[in-house]
Amino acid sequence: PRFYALVPAAGSGSRSGAAIPKQYVSVAGRAMMGHTLDALLAVPELDAVLVVLSPQDDCFESAVPQFQGARAWVARCGGASRAESVAQGLRELQARGAQPHDWVLVHDAARCLLQPAWVQQLMAQCRDDEVGGLLATPVADTLKQAQGQRAVATVDRANKWAAQTPQMFRWGLLMAALAPVLQGEAAHITDEASAVEALGHTPRLVEAPFENFKLTYPADFALAERLLRSRA
Ligand code: CTP
Ligand code: MG
């Protein structure tokens, strides 16, 4: 089978507080998404990296000029939700020759601290798996069940993981899981694994560091900047 990365990058970043879509905010000297795409292109086992932009996007070519070459694919087919952007990206992969048994690694553009070695660990642990799997990190904090601002119970954190990306499934299973999205249903889907779980499957959890966090709020950008600069 082939291995494709699919990068949803069609969001607006409303929680980031930035004036431009957060994937284009400068972090450690370049557009945040540039770091993400470089990490994926640095994985030689990936046959291609497809980035899914909003149809209205007019920043990409100038903001991420290094995304070039036969393995660097761009599609302007993003939708109203992340799940819709991923589902449209799956269609684009099919149009470019993807087969049902090929693997698709969905990775948030907003997880720009991704390291190629983590992608390779995911691939090594999931390529012979019946279902596929995802990077995730065991929950370290004590978890509270809340009613409004009051804690009413403490949730056992044993066996709780925080889901990250990439999330890796075969094209056919992922398309089956996300098909309702293309019919305008299942808008609640937040990640691929949840849609695959809803079909009765149990994705494999592959441990990754917290450092693979998603840049969401303003403070996340300053933290990412420090971490990226300390790597250089
Ligand atoms: N995404 C997308 N299409 C959408 C919404 C989100 O491709 N309609 C992408 C984002 O660009 C991001 C990833 O999905 O790379 C994770 O989503 P999130 O962190 O929620 O990004 P935004 O939706 O842009 O941010 P916010 O929810 O704060 O508006
Ligand atoms: Mg969002």
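**Helix on the sheet**

I started with helix α5, residues 171-182, which lies across β6 and β10 (161-170). Its direction runs at about 115° to β10. I am working from a predicted model, and I keep that in mind throughout.

**The sheet itself**

Next I traced the strand order. I get an open sheet of seven strands, β5-β4-β1-β6-β10-β7-β11, with mixed pairing. Which strands sit at the edges? I find β5 (72-75) and β11 (204-207) there, each pairing on one side only. From one strand to the next I note an average twist of 25°.

I then looked at the pairing of β1 with β6 (residues 103-106). The two run parallel, and four bridges join them. For L6, I wrote down V106 as the bridge partner in β6.

I also checked what α3 does here. I see α3 packing on the sheet, where it touches β1, β4 (48-53), β5 and β6. Its direction makes about 140° with that of β1.

**α3 against α5**

How do the axes of α3 and α5 cross? I have them coming within 9 Å and crossing at roughly 130°. The crossing of α3 past α5 is left-handed.

I listed the residues in this contact. From α3 I have A83, E84, V86, A87, L90 and L93. In α5 they meet W171, L174, M175, L178, V181 and L182. By class I get eleven nonpolar residues, no polar ones and one charged.

**Around ligand 1**

I went to the ligand next. Of the 23 residues around ligand 1, I find that P8, G11, S14, R15 and S85 come nearest. Which elements give two or more residues to this shell? I noted β1 (3-9) and α3 (82-95). Sorting the shell by class, I have eleven polar, seven nonpolar and five charged residues.

Last, I went through the backbone. I found a cis peptide bond from T165 to P166, with omega near 5°. I place P166 in strand β10, one of the strands that α5 lies across.

Where does A28 sit? I find A28 in the loop between β2 (26-27) and β3 (30-31). Its phi is near 50°, a positive value in a residue other than glycine.

Notes:
Residues numbered from 1 in each chain as written. Chains lettered and ligands numbered in written order. Predicted model: local features only at pLDDT ≥ 70, side-chain atom pairs only at ≥ 80, totals over all residues. Near = placed C-beta within 6 Å. Nonpolar A, V, L, I, M, F, W, Y, C, P; charged D, E, K, R; others polar. Pairing = 2+ DSSP bridges. Axes fitted to C-alpha atoms, helices over the stretch in contact; angles between N-to-C directions. Contact = placed C-beta atoms within 7 Å. Left-handed = near helix turned anticlockwise from the far one by under 90°.
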